[in-house]
Amino acid sequence: MNKTELAIDVKNLSKKFGNKVVVNHIDVQVPKGQIIGFLGPNGSGKTTTIRMICGLLTPTTGAGTCMGMDIRTKADEIRKKVGYMTQKFSFWEDLSIRENLEFVARVFGMDNIKERVDNALKNLGLAQRQEQLAGTLSGGWKQRLALAACILHEPEILLLDEPTAGVDPKARREFWDELRNLSEKGITILVSTHYMDEAERCHSIIYIAYGDIMVKGTVQEVIDSTKLVTYSISGDDIMGVMDKIKGNPEIVTMAPYGDQLRISGSDKYKLEHLLNKSTKDKITQAEPSLEDAFIFYMTKSAKEEENG
Amino acid sequence: MADVFSLYRVFAIGRKEFLQLKRDKITLAMIIGLPIVLLTLFGYAINTDPKNLNSAVLSRDNTEFTRSVITGLKNSGYFKIEKEITTDKEGKELLQSGKMQFVITIPDNFSRNLIRGDKPSILIEIDATDPVTIAGAASSLQGIIKSIIIRDLKGPVAHLRGELPAFDIEVQKLYNPEGLTHYNIVPGLIALILMITCIIMTALALTKERERGNMENLLSMPVQPIEVMMGKISPYIIIGYIQSIIILLMAKFLFHVPVLGSVALLMLLTLIFIICNLALGFAISTAAKNQTQALQMSMMTMIPSILLSGFAFPFYGMPLWAQGVGGCLPMTYFIRITRGIILKGNSFIEVWPHVWPLLIFMLVVTTFTVRIYKRTLD
Ligand SMILES: Nc1ncnc2c1ncn2[C@@H]1O[C@H](COP(=O)(O)OP(=O)(O)OP(=O)(O)O)[C@@H](O)[C@H]1O
Ligand SMILES: [Mg+2]
């Protein structure tokens, strides 16, 4: 891949708070116009990484560029090209939706403010509520306002930190359709999320745990990298089976889905043996899901962390 | 580089701040209520009895007798004879500039006329702008001089003792002849009220954003520290002016304090003082981690300003170290400016010595703030 095509290119990025290493020598490369999902358990360092990329935190080690501009020295220029949506709602609750958007438009020195704000309000379905104070909006509406505000100045890169937390499925789908549109227009998007369906809509994903990148690639690459085998058991007593084999070291993930029990493990033969021993029900091989892959990595990283 | 500073962004921030202020009814009530409450409460001030007041002596009659009078004044503890002067003009200037509170003039041939029984008079001019300061000293003056003269009238002139008084003391209170306290307190109150509101308002400006989680957003926008600072203080300049107008109107119609100098000049210099305090408040806001800290730091700056600026106690009655601290506070200078303009009718040239320290203060605080303003969340 040609280096000039990278919208975000940071290497060896670390962040220490006191003695605590929160982000540990990671590289993040995002090609222009792509949607990259940023995933990882709570406290894994996603927010911290995003903040370093947009110049809100100074990296302890590492360097890199954002739209070709050095993140350490060109933070001012980067701010103009980046739309950053914070994890916690950070617009002014005592200003109305319109006032918030107008403020953003002014600070970014845009012209035709009224027209642009009108458009943004219409696109995000906020037009009827424009006079409502942001503080009185429901959670989902706040998220919509935040998104509207961070794309208002037509940034080239969007850094979205859990933009759809607490948003209903329909709004979430619309939101992602909108992200797709933006990406088609050449806007690069780095988005953190805990939702699997959202991860599946990304061009590729980065999985981080305890500040280390565990895996990156397309959804299929991430799933394949785990080398998991998954079986599905359907029968009348799946809870009984579950109880019987719970805690067995061969099992990486196990969860009931309706009348099926899905079990994944790393060692095909040992797992098959275990299952055959534990149930008379029908066992079929299934495809491991992204969720299985994540739980696999989460367990793995937790073990590694424990063993130092 | 052209984008280092943009008035347009200052305006954007100012507008946002103004909208937020408009919705904050409690703050608005405080802005209007505070001057009214304070002015009414402080209208009746406390009395104190300072010593060692700066005085100058103009002695046209240099005899053992007059020298003994001067020594006597020094020994009383009330007067610090800083200077012996030779012309009336000098005396007037010293009073006008506020350097001296007393100018004592002993006329030609005082000793001879006294002995002849011609009842000569000593002229005492007092800067009565601050009646609290001079009250004790002024009332003791006559007694002190009399007792010295009587003590020294001996030998052939001892008979004059009996025919008291053998001389007159003519007291001229300048600037505030009635010695009314609220005349003096009102100009001080303008300074006090502006200081309190301006510091507190802006001290919370950034900590509020921080505590409500807006700071991360603000920091991710392309705004320069100086733009944030100017934008955030701009609405409060208007607030400061509204308060000044309330105080001046109350002063005129409630306490009948006449404004002798130019109101336009007063308003212009008020602007400088308002900005000084807003900048100071903003500096506090930048340094403080949360609202509690910001309030504590505000108190730490306001209390010395109240105590050491000449507002609560006469400036020249304070120990030197206190005068030194007071000399670093904008309120000290602004009190002199308001008293000078309102009560003495000072012109710009006359108050200039108190204006430039304010300008320097403003510059230093602004530079400091822009330096310590963190553009990251580290
Ligand atoms: N300013 C700070 N000082 C000290 N520790 C911090 C600071 N900011 C974050 N941390 C720590 O860094 C770690 C990573 O935090 P971060 O917010 O980046 O995680 P995250 O991946 O975004 O988690 P989540 O999914 O819950 O949002 C956490 O353990 C957190 O406590
Ligand atoms: Mg986070």
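The model is predicted, so to speak of local features a pLDDT of at least 70 is needed, side-chain atom pairs count only at pLDDT 80 or more, and totals for chains, interfaces and linings use all residues. Residues are numbered from 1 along each chain as its sequence is written, chains are lettered from A and ligands numbered from 1 in the order in which they are written, and side-chain values use heavy atoms, with hydrogens and water left out.

## The magnesium site

Let's start with the metal. The magnesium ion (ligand 2) has Thr47(A), through OG1, and Gln87(A), through OE1, as its protein donors, at 1.9 to 2.1 Å. Donors here are N, O and S atoms within 2.8 Å of the metal (3.2 Å for Na, K and Ca), and water is not among the atoms, so sites may look incomplete. Helices (H or I, at least four residues) and strands (E, at least two) are DSSP runs, numbered from the N terminus.

Thr47(A) is buried at 17% relative accessibility, whereas Gln87(A) is partly exposed at 37%. For these words, buried means under 20% relative accessible area, exposed over 50%, and partly exposed in between (1.4 Å probe, protein chains only).

## Pockets and cavities

On a 1 Å grid over the protein atoms alone, a cavity is a set of points where a 1.4 Å probe fits but cannot get out; a pocket is an open set with protein on both sides within 12 Å along at least five of seven lines; and lining residues have an atom within 4 Å of a point. Grid points are joined across faces, edges and corners, and a volume is the space filled by probe spheres set on the points.

The largest pocket has a volume of about 630 Å³. Its lining has 30 residues, with Ser97(B), Gly98(B), Lys99(B), Tyr316(B) and Arg336(B) nearest the centre. Helices H4 (88–96), H13 (330–344) and H14 (348–372) of chain B are the elements that give two or more residues to this lining, and H13(B) gives the most, with seven. Because domain 1 (53–174) and domain 2 (181–372) of chain B both contribute lining residues, the largest pocket lies between them. The C-alpha centres of these two domains are 39 Å apart, and the bounds come from an automatic or database domain assignment.

The second largest pocket holds about 530 Å³. Among its 23 lining residues, Ala120(A), Asn123(A), Leu124(A), Ile151(A) and Glu178(A) are the closest to its centre. Helices H4 (113–123), H5 (139–151) and H6 (169–184) of chain A each supply at least two residues of that lining.

The table sets out the linings by class. Ala, Val, Leu, Ile, Met, Phe, Trp, Tyr, Cys and Pro count as nonpolar, Asp, Glu, Lys and Arg as charged, and the others, Gly among them, as polar.

| Space | Lining by class |
|---|---|
| Largest pocket | eight nonpolar, 13 polar, nine charged residues |
| Second largest pocket | 13 nonpolar, four polar, six charged residues |
| Largest cavity | eight nonpolar, four polar, one charged residues |

## Positive phi angles

Most residues other than glycine have a negative phi. Glu162(A) has a positive phi of about 45 degrees; this residue is in the loop between strand S7 (157–161) and H6 of chain A and is buried at 13% relative accessibility. Tyr210(A) also has a positive phi, near 45 degrees. Tyr210(A) lies in the loop between strands S9 (204–209) and S10 (212–217) of chain A and is partly exposed at 41%.

## Salt bridges

A salt bridge is a side-chain nitrogen of Lys or Arg within 4 Å of a carboxyl oxygen of Asp or Glu. By this rule there are 30 salt bridges over all chains. One of them joins Arg98(A) and Asp118(A) at 2.2 Å, N to O, linking helix H3 to helix H4 of chain A across 20 residues. Arg98(A) is buried at 11%, while Asp118(A) is partly exposed at 28%.

Asp76(A) and Arg79(A) form another, with the closest N and O atoms 3.5 Å apart. Both lie in helix H2 (residues 75–81) of chain A, three residues apart, about one turn of the helix.
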